[in-house]
Amino acid sequence: MKEYFSETDKARELIDPEYLEGKVADLGCGGSKIKPDAIGVDGRSLEGVDYITDDIYNLSQITGLGGLDTLYSSHLLEHLRN
């Protein structure tokens, strides 16, 4: 069985690349975005994070997220309230 550094590393092999074309945002990207030019959003200041926010419920504050083609998220749901 192949070992992966993160769930995102595994997803890169499993997700059809056509779903990652265009403008992509990666919510909760941590230090490893789904693709290098994705817009990285996280609550921590890590390499590759473009927008730091503690309020994932109010993404309208992030102006760069308009007109997205894909919104990717891995391991975000368990951190959301309700």
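This is a predicted model: local features need pLDDT of at least 70, side-chain atom pairs count only at pLDDT 80 or more; totals for chains, interfaces and linings use all residues.
Local features need pLDDT of at least 70 and side-chain atom pairs count only at pLDDT 80 or more, while totals for chains, interfaces and linings use all residues. Residues are numbered from 1 along each chain as its sequence is written, and side-chain values use heavy atoms, without hydrogens or water.

The protein contains one helix and four strands. Both are DSSP runs numbered from the N terminus (helices: H or I, at least four residues; strands: E, at least two). Their order from the N terminus is α-β-β-β-β. The radius of gyration is 13 Å, close to the 12 Å that the globule rule gives for 82 residues, so the protein is as compact as a globular protein of that length. The radius is taken over C-alpha atoms, and the rule is 2.2 Å times the number of residues to the power 0.38. The C-alpha atoms fill a box of roughly 40 × 25 × 25 Å along the principal axes.

Of the 82 residues, 33% are buried. Buried means under 20% relative accessible area, exposed over 50%, and partly exposed in between (1.4 Å probe, protein chains only). Contacts are heavy atoms within 4.5 Å. Among contacts between residues at least 6 apart in sequence, 39% join residues at least 24 apart.

Thr53 counts as buried because its relative accessibility is 10%. Leaving aside residues up to four places away in sequence, Thr53 touches Val41, Asp42, Gly43, Gln61 and Ile62. A polar atom of the Thr53 side chain lies 3.0 Å from the backbone nitrogen of Asp55.

Note on methods: A polar contact is a pair of N or O atoms within 3.5 Å; within protein, one must be able to donate a hydrogen and the other to accept it, and residues adjacent in sequence count only if both atoms are side-chain atoms.
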